[in-house]
Amino acid sequence: MTKIIKIFLLLFLLQNNTIAEDSRAIELFKEVRCLVCQGQTIHESNAELAEDIKKLIREKISQGETDRQIKEYLVERYGDWILMTPPFNSLTYILWSFPFLIMIIGAFAIYRQKRGQA
Amino acid sequence: MAGRMSLYIFYISNFLLLICLIASLMQSSKIINNKIFTKPGVIVLAYVQLISILLSFLILIYLFLISDFNFDLVYFNSHSEKPLIYKFSGVWGNHEGSMLLWILILVLFNFLFALSRRISERFKEITVAIQSIMIFGFVAFLYFLSNPFAINQNNFFDGIGLNPILQDPLLAIHPPVLYVGYVGFSLVFSLAIAGLITKEVDQQWASIVKPWVFSAWAFLTAGIALGSFWAYYELGWGGYWFWDPVENASLMPWIAATALIHCVLILQKRNVMQSWTIILAILTFSLSLVGTFLVRSGILNSVHTFASDPGRGLFILLFIFLILVFSFSLFAYNSEKINKINSMSLVSRGTGIQVNNWLLITILTIVFLGTMYPLATDLLLNKSLTVGPKYYSTTIAPIIILFLFFMFISPRLGWTDTKLYKIIIQLRYLIITSLTITLLISLYFELFNLTEILIIFFSLLLVISSVTASINFNKQNILVRTNLGQNLAHAGFGILMMAVVSNAVYSEERIYNAKVGDNLQLQKYIFSFDKIEQVEESNYNSLKAYFLMKKDGKLIDTFTPEIRFYSNPPTITSEASILHKFFSDIYLVMNVPQDQQSISVRMHIKPFMTILWLGTLMIIIGGIISASIRFGRFDEK
């Protein structure tokens, strides 16, 4: 009886394991752009190239590489373009910080206008 | 040779366009207070403009319905075997036809405004004149650069057909609705310019503008929602908003317009923020132009399509540029004269609206940057970037929290200085209730992300606050009429935000390679792959899979995702099969089979989708109610 339970437990653990890895792969697929489609991630696409990159990512996951390592590898090979979310670097300083600058300027302007009236 | 009938139609329709050009020219000349062109009057000319364009539009519909392939437009965009409704919607499923529809709506707004009463003659003349300058520009563009009535000398046997992805009943009505929104802002723009010219941007101006700006906004909201709903079930990617350039292009004028309607309201009530309202009116219309045309000309998707058709793209860019230069120089020249001395206290409803205006501008900046930045780096630095959904969600989420807070608190503040702590004490039960519910939700669903919790909390606060504000009894226990439009739209927005966040958190998906007979699992449901068969329809063939959804062994529903093979033009599309339930949607979509043995099937559980659409619907209805209520009737203290 305990044997059977153990086998079941093992099966359960195994299954959980594969699912966990699968969802990690899916999360990564959603971060990687399909290079031949229009604005789709490889997750949404079933183009041949997308399938190849999916396979590559699965292999790298099973080799124990971290998400970061996998992304760095992809960027090295295909450029920043392949990442769905642009990284914060010299090219994207304005992209990431400008909105907050706008917000602060606005807050300051409204406050000054009100104080001017008081 | 083209048939004799086709030739006649060709001459007549082009003649009609010329008539509209002349009428619009005469109409625009009234901008100068001249004595020569007093006759024909504004209304007569508006009739001529409307009838000429309406007739040419009807002719174009007729050409599509009878499939006259002597006309290039029909040849390239229609097919004789297409179902009737898509022959009809094929009229605006292309550049030239949609331009004509755009102009028709432009002329219609011009006409409706010309008929409206209780507006001084001179102000009406100037507004219609400005509107007619635009009509002239667009009809000239249509006539010379993208004439829908161009004919060919070949006797084509059949047409090429409409892109199958556009062959959808929703997409037949999506463009007209969206266009009514976009074009509605042209009238608001004309009114703003007329206000600048007459230097009368005051409370009366605001009450003239109000119904137009609200109805345009409601239509734009509905148009965007229809597009999003279409993407949800037609594209088969399991999402409703992808932050792609085309969607963003329609969201940008919406954000500007949302700021604008609130400014018009404060202008009407308090006679403040004249300049800012005018700037927003100009901005909204410019963004509407960007939304309609830059999308169609392909500049946003790819720089290369622009090069392939430089004439059209350049015209639109030039037009937007002229509008901006003209209106801002007029603004710079006259803005001193329209501004009254502002007086708004720091803690007041006006300030709340001002703050949210600025937050909207910040969100607009984000959407603009996200859309244009990759284009800029590509053109200027030759470096490609992708700006995906995560950029938008991470930058916008914190702003939404503040935005929801001010949306909740502002209507509760008075127009004059209010003590904030008094309001908070007044609303203590409301705040405690929302806080408790949020805590329960976050514990029950194991939600521990601070941003998400805060969005849910403030949305909940906004919803409850808007609902309680609309149920208001006076001392005699009679239900007082309150600002229903506002409360409905605000509650809708809160519901929408809650649904968006919970949907993002609790969506689940599985991808399987399945063979007939397989049982696939998604949460507590089992899907048995029953069979796959070929179906022949009039305009496509399809591969239809049958999945039986079971829960605890009992059959609940049958799913039939399809892959369609259209022949005119040859295209493959994937049709999702969706079960809508109140709390969640179940969504099955099949990919084109890689091999003969199995198909790839993707299953999604999308919670709160129905609620998401419900929130959107509330916003639209709120807008319509506000548009139909004339000024001053629902004034609160």
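How many residues does the contact take from chain B, and how many from chain A? It takes 28 residues from chain B and 22 residues from chain A. The model is predicted. On the chain B side, the elements that give two or more residues are α13 (349-381) and α14 (389-409). Of the elements on this side, α13(B) gives the most, with 11 residues. By residue class, the side of chain B that touches chain A divides into 12 nonpolar, 13 polar and 3 charged.

Chain B itself was examined next. Its secondary structure comes to 19 helices and 12 strands. The C-alpha trace spans about 85 × 80 × 60 Å along its principal axes. For 637 residues, a compact globule would have a radius of gyration near 26 Å; the value for chain B is 27 Å, and so the two agree. Of the 637 residues of chain B, 46% count as buried. Among contacts in chain B with a separation of 6 or more, 74% join residues 24 or more positions apart.

The domain assignment gives four entries for chain B. Domain 1 covers 1-162 and domain 2 covers 165-343. Domain 3 is written as two segments, 389-506 and 611-628. Domain 4 covers 508-608.

Nonpolar packing was then considered. The largest nonpolar core of the model has 158 residues. The residues with the most contacts inside this core include B:Ile103, B:Leu106, B:Val188 and B:Val213. B:Ile255, B:Ala256 and B:Leu260 also belong to that group. Leaving aside neighbours within four places in sequence, B:Leu260 is in contact with B:Val213, B:Thr277, B:Leu280, B:Ala281 and B:Thr284. A second, separate core has 17 residues. It includes B:Phe547, B:Ala576, B:Met590 and B:Ile599.

Helix α17 of chain B covers residues 450-470 and has 21 residues. From its first C-alpha to its last it reaches 30 Å, close to the 30 Å expected at 1.5 Å a residue. Residues of α17(B) that are buried include B:Ile455, B:Ile456, B:Phe457 and B:Phe458. B:Ser459, B:Ser465 and B:Ser466 are also among the buried residues of this helix. What covers the buried residues of α17(B) includes α14, α16 (428-444) and α18 (484-506) of chain B. Helix α14 of chain B also gives two or more residues to the side that touches chain A.

Two backbone exceptions lie in one loop. Most residues other than glycine have a negative phi. B:Asn271 has a positive phi of about 55 degrees, although it is not a glycine. B:Asn271 is found in the loop between α9 and α10 (274-297) of chain B. B:Met273, likewise not a glycine, has a positive phi of about 60 degrees. B:Met273 is also found in the loop between α9 and α10 of chain B. Is each of these residues buried, partly exposed or exposed? B:Asn271 counts as partly exposed because it has 18 C-beta neighbours inside 10 Å. B:Met273 has 24 such neighbours and therefore counts as buried. The cut-off for a buried residue is 20 or more.

Methods. Residues numbered from 1 in each chain as written. Chains lettered and ligands numbered in written order. Predicted model: local features only at pLDDT ≥ 70, side-chain atom pairs only at ≥ 80, totals over all residues. Domains from an automatic or database assignment. Contact = placed C-beta atoms within 7 Å. Helix = DSSP H or I, 4+ residues; strand = E, 2+ residues; numbered from the N terminus. Nonpolar A, V, L, I, M, F, W, Y, C, P; charged D, E, K, R; others polar. Buried ≥ 20, exposed ≤ 12 C-beta atoms within 10 Å, placed from the backbone. Expected span 1.5 Å × (residues − 1). Core = buried A, V, L, I, M, F, W, Y, C linked by C-beta atoms within 7 Å. Rg over C-alpha atoms; globule rule 2.2 N^0.38 Å.
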